[in-house]
Amino acid sequence: MDFFCKRLLAWYEENKRDLPWRESDNPYLIWISEIILQQTQVKQGYGYYLRFIERFPDLLSLSEATEEEVMKYWQGLGYYSRARNLHAAARSMQGVFPTTYQEVRALKGVGEYTAAAICSFAYGMPYAVVDGNVYRVLARYLGIDTPIDTTAGKKLFAALADEMLDKKRPALYNQSIMDFGALQCTPSKPECHTCPLSDSCVALAKGCVDQWPVKQHKVKSVNRYFNYIYVRMGAYTVLKKRTEADIWRNLFEFPLIESPTHLSEEGFLRSGELADLLIPGEEVAIRPVWLNVKHVLSHRVIYANFYEVVLSENSAAFSGYLKIKQEELEQYAVSRLVHLFIEKYVDGTPKKHLKIKDR
Ligand code: SF4
């Protein structure tokens with residue numbers, strides 16, 4: 001595999017991405033960058049990383065922060081369990097970052113890939129990373145059609161990645177193969193014509209580049225129907241924290257009525273859930289503000305409607321909710337969907353039928 005390593009490292013020398021966390025062997029900074037990049041593109045994660053480490057430059061500052069503040073810095077990145085785990089893990093470390101693979105792997109939110117990345121980048125330990133890029137490069141270059149999402153596939157690719165690893169330069173090798181997968185051997189339209197490995201790539205020789213890596217299971221997407229209520233009580237509005245084991249846990253949102261299917265405006269106005277939130281006989285003005293919003297998450301599509309409900313400032317409606325001043329809204333960590341609503345409608349101009357996409 002010397003040939004593979006040699007060409008890969010030479011390619012990296014010419015093409016490597018200039019990323020701030022690569023300039024450091026500080027395990028804390030590498031950990032933060034790897035958690036951010038777990039389900040986020042480098043382009044999107046870059047700014048978040050810089051803002052995050054500016055506010056939380058070390059383990060101590062992160063462990064002393066409140067979870068709310070950490071979530072606020074994570075807002076918009078999606079997969080919020082990463083932020084909760086990061087915070088919990090920081091607190092569990094008691095100021096000292098672990099130095100063995102087993103201890104790093106035992107941190108909350110750290111899987112095999114992240115542990116290998118931290119240990120190789122920070123400590124030069126010979127652990128091979130296996131992420132989507134590595135699966136793709138190895139499957140194509142070696143011509144492996146075992147599905148990567150099966151137990152047998154995972155075992156096989158872990159063994160192959162370990163075999164291919166340059167044990168003397170694990171950090172350099174890991175960074176090289178990840179960048180190679182991200183920039184050259186990309187999921188669609190890989191640059192085979194300029195690839196330094198093209199003369200020995202099995203997938204290219206067999207014409208299977210776009211079929212590999214093979215996946216057995218396709219993840220099914222679930223539709224959900226959210227009807228949000230933006231309450232205005234004079235200078236106040238209300239929020240609630242999502243606490244259940246579901247998407248956006250620990251983020252705040254407006255009162256929500258989730259329906260099993262699409263709820264029409266009429267259906268919303270007549271719903272028992274809405275009546276339960278209001279005070280019978282009290283004067284109320286209700287209007288639709290943002291309808292038919294399609295918000296795409298990784299395994300779910302949220303179809304959302306937003307309604308504005310105007311009540312008097314001292315109304316007792318929405319009693320179980322957190323009553324805050326409108327101008328305090330920006331202090332609360334919210335999902336990207338709610339954030340977009342606030343940006344567009346709380347002070348802005350209404351637009352209808354927008355389609356937004358994030359994780
Ligand atoms: S030839 Fe194409 S498929 Fe093969 S490793 Fe290079 S970029 Fe990937």
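## Nonpolar cores

In this predicted model, the largest nonpolar core has 102 residues. A nonpolar core here is a set of buried Ala, Val, Leu, Ile, Met, Phe, Trp, Tyr and Cys residues joined through side-chain atoms within 4.5 Å, where buried means under 20% relative accessible area with a 1.4 Å probe and protein chains only. F4, W31, I32, L62, W248 and F341 have the most contacts inside this core. Because domain 1 (2–211) and domain 2 (222–357) both give residues to this core, it lies between them. Another core, of 17 residues, lies apart from it and includes M233, L311, A317 and F318.

Leaving out residues up to four places away in sequence, L62 touches Y28, W31, I32, F52, F56, V70, L86, H87 and A90 (contact: heavy atoms within 4.5 Å).

## Domains

The chain is assigned domain 1 (2–211) and domain 2 (222–357), with bounds from an automatic or database domain assignment. Their centres, taken over C-alpha atoms, are 37 Å apart. In contact across the two are 9 residues of domain 1 and 15 residues of domain 2.

## Ligand surroundings

Around the ligand are R140, C185, C192, C195, S198, C201, L204 and V209, each with a heavy atom within 4 Å of it. By class, this shell has 6 nonpolar, 1 polar and 1 charged residues; Cys, Leu and Val count as nonpolar, Arg as charged.

## Basis of the values

Residues are numbered from 1 along each chain as its sequence is written, and side-chain values use heavy atoms, without hydrogens and water. In this predicted model, local features need pLDDT of at least 70 and side-chain atom pairs count only at pLDDT 80 or more, while totals for chains, interfaces and linings use all residues.

Notes. Buried < 20%, exposed > 50% of the residue type's maximum accessible area, 1.4 Å probe, protein only.
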